[in-house]
Amino acid sequence: MQIEVLTLFPRIFEGPLDESILKRARDRGLVNIRVHNLRDFTHDKHRVVDDKPYGGAPGMLMKPEPIFEAVEKLRQPGKSRVVLMTPQGVPLTQQRARELAGQLHLIIICGHYEGVDERVREALVDEEISIGDYVLTNGALAAAVLVDCVVRLLPGVLGDNQSAADDSFAGGMLEGPQYTRPPEFRGMKVPDVLLSGDHGAIARWRAEQARQRTKERRPDLLKP
Ligand code: ADE
């Protein structure tokens, strides 16, 4: 998979994309991620990327020209999916991340200021994604979240193939509690069943714990 990120703040991505699982995935060639500075697609002396909205609304909007030029340069016919990060988008879910993980080429536009010129939405964008009902200062952090949750689903990225399948949300439920050594810590004991070696009993216990936790914390996930 190839991912292009279009942003005014490329350095925001230096941390998230250069650590841990994402770094390893890139180093191993499982994903190719390029971060592009939208200012590199301007042609004026001051590399202007924003302007005042028509009609006198407050704040600034991202101009269409640099975004169009960038997308038109990077887009591969029939292959690219263009995503705009915006709080007005469809909320990101694990299901959506799985679908995006099946794409060959993602172009992710990070919005900023009061938003982007509407013609970007009309003519360039295939889908708009929000990472939640709150407003960030710009779409770069939201794009980093999207890249992280898509890339970890790509084949070979997670060491143990099971771990993505067992995630909270993967089966539509939250994961239950997990324990590691020691078997007793400050008087708190690991449940006996996990130490029993009875794999059937362990699987039943895990399923029941997942169901209980989901019922308590996210009953909305259990609704048909
Ligand atoms: N840009 C600003 N806030 C955002 C959000 N919640 N999701 C996606 N992009 C955003």
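**Ligand shell and local geometry**

Reader: How far is a nitrogen atom of the ligand from a polar backbone atom of Ile 131?

Author: That distance is 3.0 Å, between a nitrogen atom of the ligand and a polar backbone atom of Ile 131. A polar contact here is a pair of N or O atoms within 3.5 Å, and within protein one must be able to donate a hydrogen and the other to accept it, while residues adjacent in sequence count only if both atoms are side-chain atoms. This is a predicted model, in which local features need pLDDT of at least 70 and side-chain atom pairs count only at pLDDT 80 or more, while totals for chains, interfaces and linings use all residues. Residues are numbered from 1 along each chain as its sequence is written, and side-chain values use heavy atoms, with hydrogens and water left out.

Reader: And what about Thr 86 and Gly 132, how far are they from a nitrogen atom of the ligand?

Author: For Thr 86, a backbone N or O atom lies 3.2 Å from a nitrogen atom of the ligand, and for Gly 132 a polar backbone atom is 3.1 Å from a ligand nitrogen.

Reader: How much of the ligand does the protein bury?

Author: The ligand taken alone exposes 260 Å², and the protein buries 96% of that, with accessible areas taken from the Shrake-Rupley method with a 1.4 Å probe, where for residues only the protein chains shown count as cover.

Reader: Which elements give two or more residues to the shell?

Author: Those are strand S5 (80–91), strand S7 (127–130) and helix H6 (139–151), and S5 gives the most, with three residues. Helices (H or I, at least four residues) and strands (E, at least two) are DSSP runs, numbered from the N terminus.

Reader: Which class is the shell around the ligand, nonpolar, polar or charged?

Author: The shell has eight nonpolar, four polar and no charged residues; among the residues around the ligand are Met 85, Pro 87, Tyr 134, Leu 136, Gly 139 and Ala 142.

Reader: Switching to H6, is that helix mostly covered or uncovered?

Author: H6 is mostly covered, since ten of its 13 residues are buried, where buried means under 20% relative accessible area, exposed over 50% and partly exposed in between, with a 1.4 Å probe and protein chains only. The buried residues include Gly 139 and Ala 142, both of which also belong to the shell around the ligand.

Reader: What caps the N-terminal end of H6?

Author: Asn 138 does, with a side-chain oxygen that lies 2.6 Å from the backbone nitrogen of Ala 140.

Reader: New topic: which residue other than glycine has a positive phi near 50°?

Author: Arg 47 does; it lies in the loop between strand S2 (32–37) and strand S3 (50–51), and is partly exposed, with a relative accessible area of 34%. Ser 20 also has a positive phi, of about 55°, although it is not a glycine; Ser 20 is found in helix H2 (residues 20–27) and is exposed at 54%.

Reader: Last one: is the peptide bond from Arg 181 to Pro 182 cis or trans?

Author: That bond is cis, with omega near 5°, and Pro 182 is found in the loop between helix H7 (162–166) and strand S8 (184–185).

Technical notes:
Near = heavy atom within 4 Å. Nonpolar A, V, L, I, M, F, W, Y, C, P; charged D, E, K, R; others polar.
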